[in-house]
Amino acid sequence: MIRTSVLHQTHVLVSREDPPQTPELSFKLGEKECVSLLKKCGNMEEFKQAHARILKLGLFGDSFCASNLVATCALSDWGSMDYACSIFRQMDEPGSFEFNTMMRGHVKDMNSEEAMITYKEMVERGVKPDNFTYPTLLKACARLPAVEEGMQLHAHILKLGLENDVFVQNSLISMYGKCGEIGVCRAVFEQMNERSVASWSALITAHASLGMWSDCLRLLGDMSNEGYWRAEESILVSVLSGCTHLGALDLGRSVHGFLLRNVSGLNVIVETSLIEMYLKCGSLYKGMCLFQKMAKKNKLSYSVMISGLAMHGYGREGLRIFTEMLEQGLEPDDVVYVGVLNACSHAGLVQEGLQCFNRMKLEHGIEPTIQHYGCMVDLMGRAGRIDEALELIKSMPLEPNDVLWRSLLSASKVHNNLQAGEIAAKQLFKLDSQKASDYVVLSNMYAQAQRWEDVARTRTNMFSKGLSQRPGFSLVEVKRKMHRFVSQDAGHPQSESVYEMLYQMEWQLKFEGYSPDTTQVLCDVDEEEKKQRLSGHSQKLAIAYALIHTSQGSPIRIVRNLRMCNDCHTYTKLISIIFDREITVRDRHLFHHFKDGVCSCRDYW
């Protein structure tokens, strides 16, 4: 519908003949006219006309009308805080409602500092804050973040006796969580006499913001046990993030089922979170189906889908989705192009990656960031074009960071380019690398070259800096519970049965011609000990546990924190055909789907 300009609607805001200003003018009629005028406003021009009309009628002196003027101007999407401030300054004795409104307006405008200044003025003028004052201010502290100011506000809350107000408590939980004070956040929650769904939401979101995904899932269980199973969408998005990071697909499916049963018409944010959960938990087909069924897709939806396809090694499909996005008239940004370049990298599409990199600059005017250069170094490194990757790093206009050098170091190890590996490691050490993995990779390259003195020197340097190697582990989901294994694990409650199954697996593998790849054990030990070390890798233990506790033919899903070795890759391909299982392994940021003795990566990773 075409809206007529306010200049041609004088009958709406301005009467042709002003009513006489008599004492008989009803107080209630004045309030009613004020509200009616303000409700009709859709932009600042109309609002200013309404403001002029209210002044002409002499209604501004009425605190109700003045308050509504401030609230409309400060809180409307089309409003102006500068104009709202000018109205506020004309009020003789603004009360808590007016101060609260101004603080809400400043926070809405992302001006948290001004909200705090307004609160200070409120206190200095002797206006008593109420339970509507502090949720806004605590939100401002969370955004800054300003935990010290938040703690001072907490003290004010206690002094005024507002500590049992559920809205104030929920805001305290959210503020402390977003400021990283998870201990205080939990303490506030534990002290609550009555908890609402919003209380649980604030607590779960606080844990999610700190990446405490296991705690998110545990809290959802506690929430359900206390009878609060009708969770808000915001809680479920946080829980979906937990499932995504932990690879807990079964629990993610349960959340999806709950949403379908209880929420009609999922919004694009929830739908995108579901897609991301399925993609990052290894269920590419389900994620793709949800994406295709979306009634409305936005830039984030496309970005998640492209990145998901990249993770699974489906680079060409990712490029097809990117083309579809452009055809829909959506303009790509730097984040979308990171996904596109990763899709090319993980599928070995070197020429396509170079074309996309140039297209990003020339066609879409996006200046490459350090992340884009990182994708290109990874692209060339994976393809074995180590020298070209090194030249790109040297020629880029940005200062290379540790991620680029680490990517080159990793590629150098895979392709046995010790010279480039030494250059990358030297640059990392210049940047004062605090990652033990950098020293370990260089040490392993020296071990492959049987330069044992260099191995000892590199390890000594690592230990002298107080760095220790992060142990590799594998998580496997069985009956909605995540089970964790480390290499040579003997601490699991069922380790005895796991090693018995491992023995059976190895016995059957011999008939398939499997021989352990002992070149993967980079220690100066005899051949038998190398075989023993290989057999106890965490991924193999996780597979053994899953074979024991899952039904014949059911899929196995594993999440690793470190890159899979060549021997585990070969081993898992053979296990998939011997036991007729589909095995999905999330190798840090990539997926390998093993089925019928073949891996989806086509041995390129």
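**Helices H5 and H6**

Mentor: In this predicted model, the axes (lines fitted to C-alpha atoms over the stretch in contact) of helix H5, residues 81–89, and helix H6, residues 96–108, come within 11 Å and cross at roughly 165 degrees. Helices here are DSSP runs of H or I with at least four residues.

Trainee: Which residues make the contact?

Mentor: With contact meaning heavy atoms within 4.5 Å, H5 contributes Met 81, Ala 84, Cys 85 and Phe 88, while H6 contributes Glu 98, Phe 99, Met 102, Gly 105 and His 106.

Trainee: How do these residues divide into nonpolar, polar and charged?

Mentor: Six are nonpolar, two polar and one charged; Glu counts as charged, and Gly as polar.

Trainee: How confident is the predictor in the chain?

Mentor: The mean pLDDT, a confidence from 0 to 100 for each residue, is 87, and 92% of residues reach 70 or more. Over residues 1–17, however, the pLDDT is below 50, and this stretch has 18 contacts beyond near neighbours in sequence. Where pLDDT is low, the predicted coordinates should not be read in detail.

Mentor: Residues are numbered from 1 along each chain. Local features need pLDDT of at least 70, side-chain atom pairs count only at 80 or more, and totals for chains, interfaces and linings use all residues, while side-chain values use heavy atoms, without hydrogens and water.

Terms used
Axes are lines fitted to C-alpha atoms, for helices over the stretch in contact, and angles run from 0 to 180 degrees between N-to-C directions. Helices (H or I, at least four residues) and strands (E, at least two) are DSSP runs, numbered from the N terminus.
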